[in-house]
Amino acid sequence: MRQFIAYSLMLLGLIACIDQVQLPIRTETPQLVVEGQLTNEAPPYTVRLTYTGKYSGSGQDTISQYVQGAQVLLGDDQGHTTSFAATAPGRYQSVDSTFRGQVGRAYSLTVVLGDGKRYVTKAEQMPAVPAIDSISADVIATTNLAKPYQVAYSVSLQDPASEKNYYRWTGYGYTTRQTQGVACCTGCLSTCYNNCWIPVSSEQVNIFSDEAINGNPLRKHAVLQIPIYSLFPQLVEIQQYAMTQANYQFWKLYQQQDTRTGSIFDPLPAPVTGNLVNANVPTDIARGYFAVTSITRQRYRTKTYASRFYYAMTSYIFNIQLYFMPSGDCRKTYGQVPVVQPEGWQ
Amino acid sequence: MKRKLLLLFLCCMIGSTVLGQQRLRLTLVVRDGATKKPVVGASLFIAETKMGGRADTAGVITLNHPPGKLTLYVSAVGYLSGREILVLDYNKRVEFYLQPRSTDLEEVDVRAQREDKNVKSVQMGQIQISMPELKRMPVVLGEPDILKALTLQAGVTTAGEGAGGFNVRGGRADQNLVLLDGAPLFNTSHLLGFYTNVNPDMVQDVSLSKGAFSPQYGGRVSSLLLMSTRNGNKDGWRISGGVSPISARVLVDGPISKKLTLLAGGRIAFPNYLLKLFPTESVKNSRAFFYDGSLKLTYTPNAQNTISISAYRSQDNFQFPGDTLYGWSSNVVSGKWSYLIRPNLQLNVTGLYSGYHLHVDGVSPGLTFRFTSYIEQREGKVDLFYTLNQKHKIQLGANAIRYDIQTGNVQPTGDDSSINPKVIAPERGRELGAYLNTEWELTPAISIQAGLRYSLFALLGPKTVYNYAENAPSSPETITDSVRYGSGQTVQTYGGFEPRVALRVQMAKNTALKASVGRTRQYVNLISNTTAITPLDFWKLSDRYIPPQIADQVSVGVFQNFQDNTFELSIEGYYKRLQNQIEYRYGANLILNPMLETALVRAAGKAYGIEFGLSKNKGRLTGQINYTYARSLIAVQTSFDALRINGGAYYPSYIDRPNTLNIQTRWAMSHNWTFSTNFVYYTGVPATYPDGQYTYNGQPVLDYSQRNADRIPDYHRLDVAFSKDTRFNKAQRRYGIWTLGIYNVYAHKNPYSIYFTRYNQRTESYRLSVFGTLIPSIAYNFYF
């Protein structure tokens with residue numbers, strides 16, 4: 001469908017025009033927003049509770065949007081519960097360090113607001129996450145002049161045939177950028193703080209249903225791209241989540257609404273509601289989702305940048321990156337980032 | 001009055017000698033321009049000498065006349081008179097062709113009807129499009145377009161500029177029965193709706209019924225659009241066509257034998273050169289293509305029988321570089337036998353096939369696939385027309401339809417594709433209909449048209465029907481059990497009467513009051529989760545969870561003609577109630593969903609409005625003004641609170657446009673120039689703007705809590721066109737028409753949509769204007 005929109009707009013691109021406009025914006029009653037997840041990893045677990053604010057375009061939550069004084073309780077199907085304590089405005093953290101999510105067990109979240117409104121999620125069973133078989137790294141050339149060469153990381157796995165699987169991936173990693181550095185000590189010849197490890201994270205929501213490929217291999221599913229600025233290794237971690245079907249549908253709706261362009265070929269606008277519902281008013285559904293999800297992680301260290309772009313890429317590194325290398329401590333240029341290689345990658 | 005004269009022989013020798021009192025013989029043979037037969041009794045008058053004569057039984061007029069430059073006037077009863085200038089310098093024999101008043105060599109203009117039809121006819125809510133005028137209208141990129149012309153009429157709208165389909169009196173795009181030579185078209189657009197997929201050259205007449213249409217037709221609830229293709233010319237072969245910046249059209253027609261005529265035409269588009277103008281590689285390397293073609297054979301073995309066979313095909317393709325390939329096509333074949341049993345009794349037997357097929361080819365490595373969907377309709381129908389006397393006509397008939405629908409089928413392509421095949425079980429249905437209709441002029445002042453249609457629908461197996469728990473919204477999780485129906489087994493039936501009644505009361509000589517009431521039923525539904533219809537939408541038969549759509553419409557109108565039918569004034573009001581409309585749950589998954597009912601929710605609709613129309617049909621300046629006040633509302637009907645949109649209350653539908661004003665003028669200037677204008681104004685369509693925001697997943701998210709609570713700004717536009725007819729006289733057979741047009745003359749940035757885009761953490765609202773500037777165009781139509 002995106003293609004159709006793009007096509008129709010492109011076809012008319014020569015004559016179409018776009019102008020910024022100011023619109024009259026309605027004010028509606030604030031709605032509860034929940035964001036959090038229970039995983040099979042060690043606690044604590046965090047739940048973020050806010051209200052929807054007036055549309056302003058700024059994208060920042062205001063202090064009045066944070067939910068204060070809520071009671072948050074997470075329980076499983078065997079009667080175990082943990083309460084959550086407020087740690088920051090709108091932020092609640094589980095207090096029982098022995099309460100840990102387990103695959104196959106069902107969980108439900110209850111939120112009671114200061115005004116007595118009670119919201120609950122329907123119990124969701126934590127699905128098992130299939131293993132990542134391998135991570136692939138491919139050097140690619142882009143049209144972005146600031147990042148002409150990048151490493152595209154992708155995962156391959158075998159989808160289990162016996163069940164419906166809903167995947168989500170996130171990833172982060174480090175790439176190095178260099179400056180001339182500073183002397184390690186007064187009078188030293190050696191140079192310090194010349195290598196900064198710049199963190200890079202995936203930003204797009206990346207989900208997949210096995211509906212079309214159930215039981216088959218999923219090969220080289222793209223997760224993350226990290227720009228190349230030097231020949232130092234890149235460090236990457238990819239997290240693969242197993243979601244419930246309802247959680248997958250929530251993310252589909254989120255994606256659908258996030259990519260609305262206002263075209264008449266857009267899906268109809270809808271609130272991105274999830275699984276937290278007012279126990280007394282069924283139409284009062286909170287935005288956002290409390291996910292019950294299992295995670296597997298795999299790390300990867302790029303050992304080589306061999307590719308058909310290798311010579312062009314090294315030429316770019318030597319002639320652009322190193323030639324125009326900034327002076328001084330790299331943190332002055334690239335911010336408070338690690339200056340030694342982060343641990344955990346072999 | 002227009003004059004039509006074809007002079008086949010014209011000789012002009014400048015240096016010829018004029019002889020004093022010498023008389024030369026001038027012989028004129030006057031013939032009928034259409035049949036070539038002599039015109040008996042035609043009159044000749046020579047302006048310079050006041051001499052003249054009358055044609056004999058062979059159509060011949062002979063005079064002895066002094067030489068010189070003569071202005072000849074030739075006239076005959078039933079023909080357009082002709083004028084020609086001739087230099088008589090030796091004995092000459094000249095043939096004149098006079099054109100019958102009722103025909104126009106260029107094309108048949110459907111306005112060639114009774115001038116007072118709008119007052120005398122019992123029908124109301126009718127729109128007819130003039131094909132010759134269509135080609136002189138200002139249009140985008142010069143491509144004449146039937147549906148775009150319809151949307152300039154009262155009560156007809158589209159979802160947006162450049163959107164496919166059309167909406168009639170608050171009805172959805174799938175509620176229009178579009179018939180091409182009696183066969184339904186399931187898709188009416190090329191290039192996503194920028195153009196209509198019926199070549200206007202092929203079409204003889206177009207009429208749209210907005211109200212309760214004849215009970216002869218059924219299966220759609222909002223309107224009936226009848227398009228009939230022309231028959232091939234009996235008198236000789238002709239070629240006509242046209243070129244616009246985006247396509248070329250050609251049409252050939254003529255007699256294969258005395259009893260058999262052929263009409264064949266096609267249109268092919270070349271949008272790729274427009275794409276290549278773009279600097280962006282992805283656009284430059286994209287490919288789009290469409291064509292359509294038609295064929296009609298008409299066999300008239302004798303005066304009682306006519307057999308015609310029509311075929312039509314339209315195909316669209318487009319592809320992005322290295323990306324998904326989309327293709328869709330419509331195929332229609334119909335055959336009709338008309339038998340005049342007695343002078344007052346006619347039988348029509350029709351058989352037809354109409355199909356719409358879509359395929360999508362995915363080419364991503366490892367995930368290559370082909371997705372297909374289709375709808376096919378096979379239909380047979382019999383109609384009997386009986387004229388008891390001039391005041392009383394009866395019509396009865398029956399039809400049987402078989403529907404075959406595939407809503408989705410995906411198959412892997414290539415050896416390394418991980419895609420699993422998935423086929424949604426094809427649907428099969430049967431619709432039977434029978435009707436009786438009578439049109440009766442009770443008194444000279446009162447006429448009535450009363451009809452009753454009965455339709456019966458059956459969904460046939462094989463099919464699996466799921467049962468859901470009653471205390472929760474249907475979903476894959478609430479299935480309690482399922483029932484499997486075997487092949488050919490009846491799964492579900494629906495049916496009912498569809499009464500249609502129209503009344504005309506003549507209040508004065510040129511004033512009529514009309515009223516109509518009617519019910520229509522629809523058993524096929526277009527499933528589309530977007531505001532505008534797209535080629536990816538698919539059709540679905542009514543089933544246990546999707547009952548047939550039903551519309552009841554009441555309309556009342558006053559029709560008044562002035563000054564010998566020069567002006568027509570009409571005021572029509574209507575109220576329409578729609579049952580069993582389909583709405584979509586939030587985040588509905590429609591593609592390849594075997595339990596589609598879990599993505600849908602039932603809704604009720606209502607539409608009402610009043611349409612004012614004033615048209616001037618005679619004189620050098622002709623045109624029309626129409627203004628419509630109309631509302632279209634919808635409400636979701638479900639017992640489950642969570643599924644209600646806007647709390648279950650009525651809210652404006654996507655096609656709700658309270659105010660619409662259209663002004664069209666056409667000024668016939670000298671030297672065959674015509675100047676046409678269109679002015680369009682309408683209230684902006686409903687939209688949903690964000691009414692809240694919050695942060696989720698580290699990103700700002702917009703919240704849409706109320707649907708269609710906002711409106712985009714109003715729309716207005718003026719188009720102009722100059723057209724030049726290259727004929728020296730109306731009887732000239734070979735000529736062209738140039739049309740120079742400007743769309744959106746004052747370059748108003750009309751909002752096509754409002755959208756919101758996030759840059760970093762900030763969201764801004766933008767207005768997209770599809771045609772944000774004026775668009776000049778040039779088009780050429782020829783007739784050889």
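Trainee: In this predicted model, which residue does a disulfide join to A:Cys196?
Mentor: A disulfide is a covalent bond between the sulfur atoms of two cysteines. In this predicted model, the sulfur of A:Cys196 lies 2.0 Å from that of its partner. The residue joined to A:Cys196 is A:Cys330.

Trainee: How many residues apart are A:Cys196 and A:Cys330?
Mentor: The pair links distant parts of chain A. A:Cys196 belongs to strand β15 (residues 195–201), whereas A:Cys330 belongs to helix α4 (residues 330–334). The two cysteines are 134 residues apart.

Trainee: Is the disulfide of A:Cys196 and A:Cys330 right-handed or left-handed?
Mentor: The handedness follows from the torsion about the S-S bond. For A:Cys196 and A:Cys330 that torsion is about 85 degrees, so the disulfide is right-handed.

Trainee: What is the torsion about the S-S bond of A:Cys184 and A:Cys192?
Mentor: A:Cys184 and A:Cys192 form a disulfide, with 1.9 Å between their sulfur atoms. A:Cys184 is partly exposed at 32% relative accessible area, and A:Cys192 is partly exposed at 25%. Their disulfide is right-handed because the torsion about the S-S bond is about 100 degrees.

Trainee: How far apart are the sulfur atoms of A:Cys185 and A:Cys188?
Mentor: A:Cys185 is partly exposed, at 37% relative accessibility. A:Cys188 is also partly exposed, with a relative accessible area of 24%. These two cysteines form a disulfide, and their sulfur atoms are apart by 1.4 Å.

Trainee: What pattern do the disulfides of chain A follow?
Mentor: The count over all chains comes to three disulfides. For the pattern, the bonded cysteines are counted along chain A.

Trainee: Turning to chain B, which strands stand at the edges of the open sheet?
Mentor: Five strands of chain B form this open sheet, in the order β9-β16-β17-β12-β13, with mixed pairing. An edge strand has a single partner strand, so one of its sides is left without a neighbour in the sheet. The edge strands are β9 (126–129) and β13 (183–184).

Trainee: Which residue in β17(B) is the bridge partner of B:Asp205?
Mentor: Strands β16 (residues 203–209) and β17 (residues 223–229) of chain B run antiparallel and are joined by six bridges. In β17(B), the bridge partner of B:Asp205 is B:Ser228.

Notes: Residues are numbered from 1 along each chain as its sequence is written. Chains are lettered from A and ligands numbered from 1 in the order in which they are written. This is a predicted model: local features need pLDDT of at least 70, side-chain atom pairs count only at pLDDT 80 or more; totals for chains, interfaces and linings use all residues. Side-chain values use heavy atoms; hydrogens and water are left out. A disulfide is a pair of cysteine sulfur atoms within 2.5 Å. Buried means under 20% relative accessible area, exposed over 50%, partly exposed in between (1.4 Å probe, protein chains only). Helices (H or I, at least four residues) and strands (E, at least two) are DSSP runs, numbered from the N terminus. Two strands pair if DSSP finds at least two bridges between them.
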